[in-house]
Amino acid sequence: MSDRDGMTLWLTGLPSTGKSTIAADVADRLRRDGARVTVLDGDEIRAELTPDLGYSRADRDENVRRIGFVARLLAAQGVVVLAPVVAPFAAGRASVRAAHDRDGTSFYEAYVATPLAECARRDVKGLYADQRAGRLRGLTGVDDPYEVPAAPDLVVPAGAQRPGESAALVHEFVRARRDSRHAGTHRRRWPSSLRASRSSPA
Ligand SMILES: Nc1ncnc2c1ncn2[C@@H]1O[C@H](COP(=O)(O)OS(=O)(=O)O)[C@@H](OP(=O)(O)O)[C@H]1O
Ligand SMILES: Nc1ncnc2c1ncn2[C@@H]1O[C@H](COP(=O)(O)OP(=O)(O)O)[C@@H](O)[C@H]1O
């Protein structure tokens, strides 16, 4: 394990799309692979790190910015950071990516793409029902914007999959990126001239 193993994988999508379920399962799978993993879950972070913020655009942008900052610090130390956070605005997601790019830390955006009607049917926290009943205003995807990622690194069709299938897809995505970085490390460490001399008979 090295600092090169670190990355941020942001799971964006509507409430009840499956972000937290997938992140928890992927974290377990990666830990079994021996990775250092942390999950920056929207609900937990809002309770502990951003309790001062609500759901206005400015507050959501600030929430995403702070989570992105913590993710970047951890990822730079070799941690695989999973961030299941709605992050409804493309500009907010793009600035988190840009901040990672500036210090050479990997950032990937996974769009958890369950159709709105299925999210509303799942309605894990009763928010869609609250919005319909007039008890909640400004629900992402219903009466507040959700900007669908234009070029996500991964699309997870979680409306048409079982949770384990979605987790397996995301796990494979992360594993492939970690593996390719390891291969790159080995290539850099042993340039071809050196490899040739090492493999020649003495
Ligand atoms: N109005 C409104 N719109 C959207 N979501 C709402 C709202 N009110 C509360 N919640 C719950 O808060 C979670 C979204 O906050 P996040 O910190 O994940 O995202 S963000 O700040 O909007 O980027 C989100 O969590 P998930 O259901 O896990 O996505 C919601 O449960
Ligand atoms: N393919 C899938 N991936 C993730 N969750 C799924 C999937 N299919 C059904 N579900 C269910 O949908 C719900 C998603 O809830 P949750 O993970 O809390 O969503 P979010 O974090 O996006 O608000 C859970 O009850 C989960 O069991």
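Helices (H or I, at least four residues) and strands (E, at least two) are DSSP runs, numbered from the N terminus. A residue counts as near a molecule if one of its heavy atoms lies within 4 Å of it, and the residues near a ligand are called its shell here.

This is a predicted model, in which local features need pLDDT of at least 70 and side-chain atom pairs count only at pLDDT 80 or more, while totals for chains, interfaces and linings use all residues. Residues are numbered from 1 along each chain as its sequence is written, chains are lettered from A and ligands numbered from 1 in the order in which they are written, and side-chain values use heavy atoms, with hydrogens and water left out.

We begin with ligand 2. The shell around ligand 2 has 16 residues, and the closest are S16, K19, S20, T21 and S166. Its largest share, 4 residues, comes from helix 1. Helix 1 (19-32) and helix 7 (163-189) each supply at least two residues. Sorted by class, this shell has 6 nonpolar, 7 polar and 3 charged residues. In this sorting, Ala, Val, Leu, Ile, Met, Phe, Trp, Tyr, Cys and Pro are nonpolar, Asp, Glu, Lys and Arg are charged, and the others, Gly among them, are polar.

An oxygen atom of ligand 2 is 2.8 Å from an N or O atom in the side chain of K19. Backbone atoms take part too: a polar one of G18 is 2.9 Å from an oxygen atom of ligand 2, and a polar one of T17 is 3.2 Å from an oxygen atom of ligand 2. On its own, ligand 2 has 560 Å² of accessible area, and the protein covers 79% of it; such areas come from the Shrake-Rupley method with a 1.4 Å probe.

A UniProt record (unreviewed entry) places the feature "binding site" at G13, L14, P15, S16, T17, G18, K19 and S20. From this set, P15, S16, T17, G18, K19 and S20 belong to the lining of the largest pocket. A pocket is found on a 1 Å grid over the protein atoms alone, as an open set of points where a 1.4 Å probe fits, with protein on both sides within 12 Å along at least five of seven lines; lining residues have an atom within 4 Å of a point. G13 lies in the loop between strand 1 (7-12) and helix 1.

The side chain of R60 has an N or O atom 2.7 Å from an oxygen atom of ligand 1. Of the 610 Å² that ligand 1 exposes when taken alone, the protein buries 93%.

Terms used. A polar contact is a pair of N or O atoms within 3.5 Å; within protein, one must be able to donate a hydrogen and the other to accept it, and residues adjacent in sequence count only if both atoms are side-chain atoms. UniProt positions are given in the numbering used here, feature names are shortened, and annotations may be inferred rather than shown by experiment.
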